[in-house]
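Here are my notes on the complex you sent over. Have the coordinates open while you read.

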Amino acid sequence: MGMFNDVEFLGGFIHDSVTNALQEPDSAIPVLEAGVQPLTTIALNSGPRPLYITHLMVVFADVAVTDPNPAVATDLGWSIRTSTDGSATPTYTEVVGKTAAADLPQILTDAAPTALLATANIPYDLFSFVGGAANTSIATAQTNVKQGPVRIAAKALFQVRLGLYTAGTLTAVTGLDNVGVLVYGKRV
Amino acid sequence: MAQPQLLFAGTYDNLDNAWAVPATVLVGSGTGVAATTGCFFSGPLGCVITDIYYIPRDLTFTDPNADVYIGWRVRYSADGGASFTTMDTVWASADCPMVWDDSEGDYGDSVLDTPLRAHAWYGAGVGGLTDNFYGDIVIPANVHVLVEVGPVAASALIDMPAADLDSLDVLVYGYLKG
């Protein structure tokens, strides 16, 4: 367990498929401090103190997708959500979410609609695209992390949802599966 | 100085004349993400490995009729796991804890279910928990990190007589940069 400003791996999520909905993860990657909450949804516990998410990494195990018809440029949107209602069927509230093209990495173009712009199994930091330019390829390194740390309250459930967007509107793509989300940050 | 964290833990089976990768990942950044089995991610800014521990969970194996040590090497991949670069390899007899002492006919430095601090044997070290004879290993950002172990002696892998040197837990400590 880290202290104060140490960056830690806070946990992760796996999405079996991502398409035109802000989808909840299908499974979670626990860490020692925060196990997977055994509820009807997939989420991790924040722990006894708040935590700050500083990097949200995405990893694609499979970069091949089915050619959308019509083919459209597609961005990867995300939403960090928490729940504190203590319910067995938790209700989640968005803490920070991004859907606008200028805040998201582009992962698919209409010019090459069958393979993601990403390299398989390489982590990309979603925070580094926030406040950037629309249509920025996920493969284009963003040197400055632009999304500030996202605070998650103590003793809360948190999860990361993913969805596909074109110009800020949800869009469907078939075959985008096995997407991993790695959450890094600091416990306070 | 950052506080040490457990960066990775895995179980290694069937240690023989090859560098072994984890058969089971217990804890690690990215565990369960497809195609990263056996590895952990170094994190958005990289990480530093400060210690490697072994925990022998099974010390029943066929007599190798030779001194055998447990060596380790640290590798990383920046291309999604397609190819790996070796950063450090420690396999000289004087740098590693012994798992079979042939002259004594016992397990040398290894005790069942007891952690061995591998770094503390480096440079003719004698183990223990206070002295660290091996320096920090600095890993680049956003790469797969793979810690491999193997039965070694005199900087060579040992061909064990049977595939029954198994159930070795390896714990990797250090910290993420940031």
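This is a predicted model: local features need pLDDT of at least 70, side-chain atom pairs count only at pLDDT 80 or more; totals for chains, interfaces and linings use all residues.

1. The predictor gives the complex an ipTM of 0.83 and a pTM of 0.88. For chain B the mean pLDDT is 90, and 94% of the residues reach 70 or more. Of the elements in chain B, strand β2 (residues 24-28) has the lowest mean pLDDT, 83, while strand β11 (residues 156-157) has the highest, 97.

2. On to the fold of chain B. DSSP gives 12 strands and zero helices. The C-alpha atoms fill a box of roughly 50 × 35 × 25 Å along the principal axes. A compact globule of 178 residues would have a radius of gyration near 16 Å, and chain B agrees with that because its own value is 16 Å. Buried residues account for 46% of the 178. If you take the contacts in chain B between residues at least 6 apart in sequence, 71% of them join residues at least 24 apart.

3. Strand β10 (residues 144-153) of chain B deserves a look. Since 10 of its 10 residues are buried, the strand is largely enclosed by the rest of the structure. In a regular strand, side chains alternate between the two faces of the sheet. Here B:H144, B:L146, B:E148, B:G150 and B:V152 point one way, B:V145, B:V147, B:V149, B:P151 and B:A153 point the other way, and all are buried. Note that B:H144 and B:E148 are in that buried set.

4. What does β10(B) pair with? Strand β5 (residues 68-77) of chain B runs antiparallel to β10(B) over nine bridges, and B:R75 has B:L146 as its bridge partner there. Strand β3 (residues 40-41) of chain B is also antiparallel to β10(B), over two bridges, with B:F40 opposite B:V145.

5. Is B:C96 buried or exposed? B:C96 is buried, because 27 other C-beta atoms lie within 10 Å and the cut-off for buried is 20 or more. B:C96 sits in the loop between β6 (85-90) and β7 (98-100) of chain B. Leaving out residues up to four places away in sequence, B:C96 touches B:Y69, B:I70, B:G71, B:V90, B:W91, B:W121 and B:V152. B:G71 is 25 residues away along the chain, yet its C-alpha atom and that of B:C96 are separated by 5.8 Å.

6. Nonpolar side chains tend to be buried together in soluble globular proteins. The largest nonpolar core in this model has 100 residues, and A:L56, B:V147 and B:V170 have the most contacts inside it. Strand β4 (residues 51-60) of chain A gives the most to this core, with seven residues. A:L56 touches A:W78, A:D125, A:L126, A:F127, A:V160, A:V181 and A:V183, again not counting residues up to four places away in sequence.

7. Last, the interface. The contact takes 25 residues from chain A and 24 from chain B. On the chain B side, the elements that give two or more residues are β1 (5-12) and β12 (168-176). That side divides into 11 nonpolar residues, 12 polar and one charged.

Definitions and conventions:
Residues are numbered from 1 along each chain as its sequence is written. Chains are lettered from A and ligands numbered from 1 in the order in which they are written. A nonpolar core is a set of buried Ala, Val, Leu, Ile, Met, Phe, Trp, Tyr and Cys residues joined through C-beta atoms within 7 Å. A residue is buried if 20 or more other C-beta atoms lie within 10 Å of its own, exposed if 12 or fewer, and partly exposed in between; C-beta atoms are placed from the backbone. Helices (H or I, at least four residues) and strands (E, at least two) are DSSP runs, numbered from the N terminus. Two residues are in contact if their C-beta atoms, placed from the backbone, lie within 7 Å. Ala, Val, Leu, Ile, Met, Phe, Trp, Tyr, Cys and Pro count as nonpolar, Asp, Glu, Lys and Arg as charged, and the others, Gly among them, as polar. The radius of gyration is taken over C-alpha atoms; the globule rule is 2.2 Å times the number of residues to the power 0.38. pLDDT is the predictor's confidence in each residue, from 0 to 100. Two strands pair if DSSP finds at least two bridges between them.
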